[in-house]
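Me: Hello! I am new to this structure and would like a close look at one part of it.

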Amino acid sequence: MVPLAAWWLDIAIVLFFLPYTFAFNWTYDHLRSSSSALTSTSSKRPATDR
């Protein structure tokens, strides 16, 4: 019974962490790209407050 329970827990961990990892990485990449787009557009503006 114990190996069967361990096998089911292993499957449950994989089924939880696979979508979680995908969603976390997709969100991080999306936020990182929008953040770098904002940074690159603001660095192209002329500095008027110097």
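Is Phe24 buried, partly exposed or exposed, and what surrounds this residue in the aromatic cluster?

Reply: Happy to walk you through it. This is a predicted model, in which local features need pLDDT of at least 70 and side-chain atom pairs count only at pLDDT 80 or more, while totals for chains, interfaces and linings use all residues. Residues are numbered from 1 along each chain as its sequence is written, and side-chain values use heavy atoms, with hydrogens and water left out.

Phe24 counts as partly exposed because its relative accessibility is 48%; buried means under 20% relative accessible area, exposed over 50%, and partly exposed in between, with a 1.4 Å probe and protein chains only. Across the 50 residues of the protein chain, 0% count as buried.

As for where Phe24 sits, the residue belongs to helix α1, residues 2-43. The protein chain has 1 helix and 0 strands; these are DSSP runs numbered from the N terminus, helices being H or I with at least four residues and strands E with at least two.

Now to the rings. A pair of aromatic rings is described by the distance of the centres and the angle of the planes. Here, rings of Phe, Tyr and Trp (its six-membered ring) pair if their centres lie within 6.5 Å; planes under 30 degrees apart count as stacked, over 60 as edge-to-face and the rest as tilted. That rule gives 5 aromatic pairs. One of them joins Phe16 and Tyr20, which is stacked because the ring centres are 5.8 Å apart and the planes meet at 10°. Phe16 and Tyr20 are both in helix α1, 4 residues apart, or about one turn of the helix. Tyr20 also forms a stacked pair with Phe24, at 6.4 Å centre to centre and 25° between the planes. About one helical turn separates Tyr20 and Phe24, because they are 4 residues apart in helix α1.

Phe16 is partly exposed at 49% relative accessibility, and Tyr20 is partly exposed at 46%. Together, Phe16, Phe17, Tyr20 and Phe24 make up one aromatic cluster.
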